[in-house]
Amino acid sequence: MPQAAILLINFNSSSLIPYIEENLYKNFSLKCDLIIPRIDLSQYYSETRDQYYSTKLIEYSLTKYSEYEKILSLTDFDLYVPVLTFVFGEAQLNGKAAIVSAHRLYPEFYGLPQNDELFLSRLIKEINHELGHTYGLKHCIDFECVMHSSSNVDEIDIKSENFCNSCKQKIK
Ligand SMILES: [Zn+2]
Ligand SMILES: [Zn+2]
């Protein structure tokens, strides 16, 4: 069975990890190793933006953990790429590595009460979406499909955690 590495980079919702592992097994037949990398994060941090550069974190994960079939980094840090104000995540199209930020998935980020169920469902969607890209999937026009693009949490909440049939076929 293909092995995946889950890198926990300042990811604090560790109680949710069993759900994440189960989801990776169910959707991608991946078995996971959990890794807390010893990493100097200062080089990925932008002081002016108070965010971390997702592309660089992906590069780091690839140089360190390339023996894995897939590498999923999870973080509570807010992520960016230079052309955007923020990203929920980033992935290599048809590659190994993906990263997901939980930062803007917490209802508390929007001044709303804590809601673990909602947070977990958003997190799973973002993980499936970014990992979907690593299997070569592009954005899908089916608005219920998890590969539908989302630029804010409302758009994440509208779509499902699942891949439409056409996207599911492509993963296999
Ligand atoms: Zn996408
Ligand atoms: Zn689809």
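Visitor: Which residues in helix 1 are called buried?

Guide: In helix 1 (residues 17–28), the buried residues are Ile20, Asn23, Leu24, Asn27 and Phe28; the word applies when 20 or more other C-beta atoms, placed from the backbone, lie within 10 Å of a residue's own, while 12 or fewer make it exposed and anything in between partly exposed. This is a predicted model, in which local features need pLDDT of at least 70 and side-chain atom pairs count only at pLDDT 80 or more, whereas totals for chains, interfaces and linings use all residues. Residues are numbered from 1 along each chain as its sequence is written, and chains are lettered from A and ligands numbered from 1 in the order in which they are written.

Visitor: How do you know where the buried residues of helix 1 lie around its axis?

Guide: The directions from the helix axis to the C-beta atoms define an arc, and for the buried residues of helix 1 that arc is within 100°, so they line one face of the helix. The face turned away from this buried side carries Pro18, Glu22 and Lys26, which are exposed.

Visitor: What covers the buried residues of helix 1?

Guide: The cover includes strand 1, strand 2, helix 3 (116–134) and helix 5 (165–171), where contact requires C-beta atoms, placed from the backbone, within 7 Å. Helices (H or I, at least four residues) and strands (E, at least two) are DSSP runs numbered from the N terminus.

Visitor: How does the span of helix 1 agree with what its twelve residues should give?

Guide: The expected span is 1.5 Å times one less than the number of residues, which for helix 1 gives 16 Å, and its end C-alpha atoms are 16 Å apart, so the two agree. Just after the helix, serine 29 takes a positive phi of about 55°.

Visitor: What makes strand 1 and strand 2 a pair?

Guide: Two strands pair if DSSP finds at least two bridges between them, and strand 1 (3–9) is joined to strand 2 by five bridges, the two running parallel. The chain crosses from strand 1 through helix 1 to strand 2 in a right-handed β-α-β crossover, a label given when, with the strands pointing away from the viewer, the path from the first strand over the helix to the second runs clockwise.

Visitor: Is strand 1 mostly covered or mostly uncovered?

Guide: Strand 1 is mostly covered, with five of its seven residues buried. Six bridges also join strand 1 to strand 5, which runs parallel to it, and here the bridge partner of alanine 4 is lysine 70.

Visitor: In what order do the strands of this five-stranded sheet stand?

Guide: The order in this open sheet is 2-1-5-8-7, with mixed pairing. Strand 2 (31–35) and strand 7 (89–91) are its edge strands, each pairing on one side only.

Visitor: What makes strand 3 and strand 6 edge strands of the other sheet?

Guide: This second sheet is open, with three strands in the order 3-4-6 and mixed pairing. Strand 3 (45–46) and strand 6 (79–80) each have a single partner strand, so one side of each is left without a neighbour in the sheet. Strand 3 meets strand 4 (residues 51–53) in the antiparallel sense over two bridges, and tyrosine 45 stands opposite tyrosine 52 in strand 4.

Technical notes: Contact = placed C-beta atoms within 7 Å. Axes fitted to C-alpha atoms, helices over the stretch in contact; angles between N-to-C directions.
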